[in-house]
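Biologist: Please take one part of this structure and look at it closely. Then show me how the rest is put together.

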Amino acid sequence: MSDTPRSATPVVLIPFAIVTLIWGSTWIVIRDQLGVVPASWSVTYRFVIAGVTMLAWGWWRGDRVRLDRRGWLFAAGLGLTQFCLNFNFVYRSEQYVTSGLVALMYALLVVPNSILARIFLGQRMGRQLLVGSAIALAGVALLFLHEAREHPENGPAVVLGLGIALAGVFAASVANVMQATPTARAYPMVPLLGVAMLIGAAIDAAYASLTVGPPVFDWRWSYVGGLLYLGIIASAVAFTLYYGLIRTIGPAKAAYNGVVVPVIAMLLSTLFEDYRWSPLAGAGAALALAGLVVALKARRPNR
């Protein structure tokens, strides 16, 4: 029997790479969604598109929405944490800091994911996973240090933006761990996610109506195209692959896509937001990637 860790096989690495590339590009797209349309309405539109896409895909696959009371409560909890709180925090944080820096905050997802998985799922972190986490977080720390040195004048705004992003990280972590529970496995993933996305969109719409007023839309081609990309590719496709990874290798390892995503996001930020690299930032990116490699080779936790 092969002793290759589950997380080093193509069935894991291929979707891992696809999700990382997709989500690495979303931050710069989200940036363009801010402005004419309030953030809450942009989040609402995104998950209406995503939810309808998921349900249509599930119908085509032959999956049917058959949720009992437990299933509806689970979908509602997922919709609130992942598709309402998480993304409202993400969009608002980008009003204060660059998209690359917000993506960088999500590299920290591995920490609450690992802690919550230990508490609620009984998943222990092996030594190699701990070492990989330490290396990756050291890289993230260097990237933070670089940002602080580059923009010391933006201190208050940066702190506020990072605080909002951190709240999004914790909301996302709760949703991640929910996906690794027996309750999540009891229902077909595609229609379950579709229902959760539409519930999240309904909560987003209610919140937007109460806080910023009636719906607003932007008919610019970049906004509409970005909305379709975020709803279909970055939500319907990416979340299906990502939650599949969580169910296969556990939330701790799956969260390591968040270590590579900031590097991609910062490369795009370099092209479109004038992000400036330094030896410090380069070393941080290299450490983050090295920690990812070490962690993904760890045998525990898997399930």
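Modeller: Leu142 lies in helix α6, residues 127–150. Helices here are DSSP runs of H or I with at least four residues, strands are E runs of at least two, and both are numbered from the N terminus. This is a predicted model, so local features need pLDDT of at least 70 and side-chain atom pairs count only at pLDDT 80 or more, while totals for chains, interfaces and linings use all residues. Residues are numbered from 1 along each chain as its sequence is written, and side-chain values use heavy atoms, with hydrogens and water left out.

Leu142 is partly exposed, because its relative accessible area is 22% (buried is under 20%, exposed over 50%, partly exposed in between, with a 1.4 Å probe and protein chains only). Now its partners. Setting aside residues up to four places away in sequence, Leu142 touches Leu280, Ala283, Gly284 and Leu287 (contact means heavy atoms within 4.5 Å). Ala281 belongs in this picture too: the C-alpha atoms of Leu142 and Ala281 are separated by 6.3 Å. Along the chain, Leu142 and Ala281 are 139 residues apart.

Step back to the whole protein. It has 13 helices and zero strands. Of its 303 residues, 53% count as buried. Among contacts with a separation of 6 or more, 92% join residues 24 or more positions apart.

Next, the core. The largest nonpolar core holds 74 residues (buried Ala, Val, Leu, Ile, Met, Phe, Trp, Tyr and Cys joined through side-chain atoms within 4.5 Å). Trp23, Leu78, Phe83, Tyr91, Tyr242 and Tyr243 touch the most other members. Helix α10 gives the largest share of this core, ten residues. A second, separate core has six residues, including Trp41, Tyr45, Ala208 and Leu227.

Apart from neighbours within four places in sequence, Tyr91 contacts Ile30, Gln33, Leu34, Ala39, Ser42, Val43, Arg46 and Leu230. Tyr91 also takes part where α3 meets α10. There, Leu78, Gln82, Phe83, Phe87 and Tyr91 of α3 meet Leu230, Phe239 and Tyr243 of α10.

Last, the geometry of that pair. Helix α3 covers residues 69–93 and helix α10 covers residues 221–249. They pack at an angle of about 125 degrees, with their axes 15 Å apart. So α3 is oblique to α10 (under 35 degrees is roughly parallel, over 145 roughly antiparallel, 65 to 115 roughly perpendicular, the rest oblique).

Key:
Axes fitted to C-alpha atoms, helices over the stretch in contact; angles between N-to-C directions.
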